[in-house]
Amino acid sequence: CTITPPTQTIGVGNSAVLTVSCVPAAVAHLWTNAPGGGGFAGGGSSNSMFPNPGTFLYSVIGCNGAGCGPSSSTVSIIVNPPVPSSCSLTPANQSITVNTTASLSMSCAGATFYQWINAAGGGSFSGTGGSATFSAAGNFAYQARGCNVTGCSSYLPATVTVNAVAVPCPAVSSCPASTTW
């Protein structure tokens, strides 16, 4: 017997179709079903739902009045996980002073890696976030999203506001009303 297609890729919660063809014709089909995967039975087109991600292997033996033939070649069904969800980028807004650090933390259910859009002139973040030192004043906008083999979540925004530090004037000189560094 032959099972087609030899490989197919679907998403979690979707169905896969395997078609069996046996020569001579089979009246019964004995499937080797993958643990944790969808179950197939019978001949012709069999359709099964896959609730879990993973790679699932299948084979079949066709039988008729003369007995059973050899096992078919193994076929694989690759079930990809859903796109990452329930994402959070925290804190969404924070205020620090020049030459101090800010921390951002990104997490998504089902993410295997993260993508960041880092603000020009600001600190740099990657992975699940971390800390960065900011040496210039300004407002720095960041975006991050979680990804896996299926795709990526939407970008989430965060802003780091870096304030200049007021420096007191020495007692012997005259300073303008507002002096910052």
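Phe134 and Phe140 are both buried, where buried stands for under 20% relative accessible area, exposed for over 50% and partly exposed for anything in between (1.4 Å probe, protein chains only). This is a predicted model, in which local features need pLDDT of at least 70, side-chain atom pairs count only at pLDDT 80 or more, and totals for chains, interfaces and linings use all residues. Residues are numbered from 1 along each chain as its sequence is written, and side-chain values use heavy atoms, with hydrogens and water left out.

Let us stay with the aromatic rings for a moment. A search of the whole structure turns up 9 aromatic pairs. Rings of Phe, Tyr and Trp (its six-membered ring) pair if their centres lie within 6.5 Å; planes under 30 degrees apart count as stacked, over 60 as edge-to-face and the rest as tilted. Strands here are DSSP runs (E, at least two residues), numbered from the N terminus. Phe40 and Phe50 are both buried. Back at Phe134 and Phe140, the ring centres are 5.5 Å apart and the planes stand at 45°, so that pair is tilted as well. Phe40 and Phe50 also belong to one aromatic cluster together with Trp31, Phe56 and Tyr58.

One joins Val23 and Pro24, with omega about -5°, and Pro24 falls in the loop between strand S3 (15-21) and strand S4 (28-32). Another runs from Thr90 to Pro91, with omega near -15°; Pro91 is in the loop between strand S9 (85-90) and strand S10 (93-97).

Ser86, in strand S9, is not a glycine, yet has a positive phi of about 50°. Ser86 counts as exposed because its relative accessibility is 64%. Asn99, in the loop between S10 and strand S11 (100-109), is likewise not a glycine and has a positive phi of about 65°. With 56% relative accessibility, Asn99 counts as exposed.

What does Ser72 touch, not counting residues up to four places away in sequence? The answer is Cys1, Ile3, Ser59 and Val60, where contact means heavy atoms within 4.5 Å. Ser72 belongs to the loop between strand S7 (67-68) and strand S8 (75-80), and counts as buried because its relative accessibility is 7%.

Key
Helices (H or I, at least four residues) and strands (E, at least two) are DSSP runs, numbered from the N terminus.
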